[in-house]
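Thanks for coming, everyone. Please bring up the structure, and I will walk you through a few parts of it.

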Amino acid sequence: MVKTLRAFPGRRAALGVLALLLLLGVAIYVVPVLPFVPRSAADLKFSVIDNVGEPLVCTGWGSPNPDFNPYGEYPRIVSDPPTYAAIIRHERLAPIPLTNDQIVAVYRDWLKLNAVRLSWDGSAYEFAMFPGPTPSEALRNEMVGKVDVLGHVHDVHQSSAMGACPICLAASSVISTPSGPIPVSKIAVGMHVWSADADGENVDAVVVETTSRLAAPGSELIRVVLADGRQITASAPHEIADGRPLGILSVGDEIDGVAVTRFDRVDGSFGFTYDLLPSGATGEYWADGILMRSTISTTLVAPRAMYLH
């Protein structure tokens, strides 16, 4: 009899925890989706994704674009209760400690939510996103439309804006030309630029093609600084003339015989990146004093040693 009485407090505590979990489950799963309850921003973004398709996510694409870091970012996700609750509902997870695989799933959803942008227009939210698949550097039109506070998506269409995960130069890059340095954003087809032939000799080349793209959410560029003061900001996959992508370089590696002294990560989201293709056999040009290989060309010569400008 005494043992039975002593067991009651423990049972009451267990029942209390169970009741709390039940109430939490009701709060997370039922209340936010009642017909008359406005949805959270995260729920509205999930409505967009469910209706339009998954967005383009650049995180983890290339190197060193933002690292895929589910366990490091998880505390940040949990610290935003409306977003975390929306993800838990979307993944149909119980509001209890998650397994490692579940944390990864939550993180992937969080990245997708960050790739959808919402702005209030007075009566509904306007949304914008670049459609998947992920990952990809291929250009695609931005998808735009509206979603009301209850998650009804309408007026979905393509906009004229085109973007992708970046593979090109930052707008601040300067191209060497016979007429002097010109920002890459001002380079146009028909203009003359300095290129290099297969022997590394400077040649006057004509720009035969240009491209620009809006960097998708989560994009990062890198700034590479050399010991002689030269520096260039571009996407990680962009190659220097010897065929090495910028993203595989490390401090101490050399370009033109000059050591790399520093790498900085630069947020490239929603900024434009640019590239050009000069005439000639190599598809190379000088950007910020560094000989670069065009990302446009598909008929480049084999990688070779760098040459001084």
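Let's start with a charged pair. E54 and K112 form a salt bridge, and their closest N and O atoms are 2.9 Å apart. Where do E54 and K112 lie? E54 is in the loop between helix 2 and helix 3, while K112 is in helix 5, so the pair ties together parts that are 58 residues apart in sequence. How accessible are the two partners? E54 is partly exposed, with a relative accessible area of 48%. K112 counts as buried, at 18% relative accessibility. The cut-off for buried is under 20%.

One caution before we go on: this is a predicted model.

Next pair. R117 forms a salt bridge with E142, and here the closest N and O atoms are 2.2 Å apart. R117 sits in strand 1 and E142 in strand 3, so this bridge ties together parts that are 25 residues apart in sequence. Buried or partly exposed: what is R117? At 23% relative accessibility, R117 counts as partly exposed. E142 counts as buried, at 8%.

Third pair. The side chains of E239 and R293 meet in a salt bridge, at 3.4 Å from N to O. E239 belongs to the loop between strand 11 and strand 12, and R293 belongs to strand 16, so the pair ties together parts that are 54 residues apart in sequence. E239 is partly exposed, with a relative accessible area of 26%. R293 counts as buried, at 8% relative accessibility.

There is also a network. Salt bridges that share partners join R223, R262 and D264. How many salt bridges does the structure hold? Twelve. As a reminder, side chains of opposite charge can pair when their charged atoms come close.

Now to helix 2. Please find residues 41-52. Helix 2 has twelve residues and reaches 16 Å from its first C-alpha to its last. That is close to the 16 Å expected at 1.5 Å a residue. Which residues of helix 2 are buried? They are A42, D43, L44, K45, F46, S47, V48 and I49. What covers them? The cover includes two helices, helix 4 (81-91) and helix 5 (100-114). It also includes strand 1 (117-120), strand 2 (125-129), strand 3 (140-147) and strand 4 (153-164). Just after helix 2 comes G53, with a positive phi of about 115 degrees.

Stay with phi for a moment. D155 is not a glycine, yet it has a positive phi of about 55 degrees. D155 lies in strand 4. It is partly exposed, with a relative accessible area of 47%. D288 is not a glycine either, and its phi is also positive, at about 55 degrees. Look for D288 in the loop between strand 15 (284-287) and strand 16 (290-293).

Last stop: two packed helices. Such a pair is described by the angle between the axes and the distance between the axes. Helix 3 and helix 4 pack at an angle of about 110 degrees, and their axes are 7 Å apart. That makes helix 3 roughly perpendicular to helix 4. Which residues make the contact? Helix 3 brings Y74, I77 and V78. Helix 4 brings P81, Y84 and I87. What kind of residues are these?

Key:
Residues numbered from 1 in each chain as written. Predicted model: local features only at pLDDT ≥ 70, side-chain atom pairs only at ≥ 80, totals over all residues. Heavy atoms only, no water. Helix = DSSP H or I, 4+ residues; strand = E, 2+ residues; numbered from the N terminus. Expected span 1.5 Å × (residues − 1). Buried < 20%, exposed > 50% of the residue type's maximum accessible area, 1.4 Å probe, protein only. Contact = heavy atoms within 4.5 Å. Salt bridge = Lys/Arg side-chain N within 4 Å of Asp/Glu carboxyl O. Axes fitted to C-alpha atoms, helices over the stretch in contact; angles between N-to-C directions. Parallel < 35°, antiparallel > 145°, perpendicular 65-115°, else oblique.
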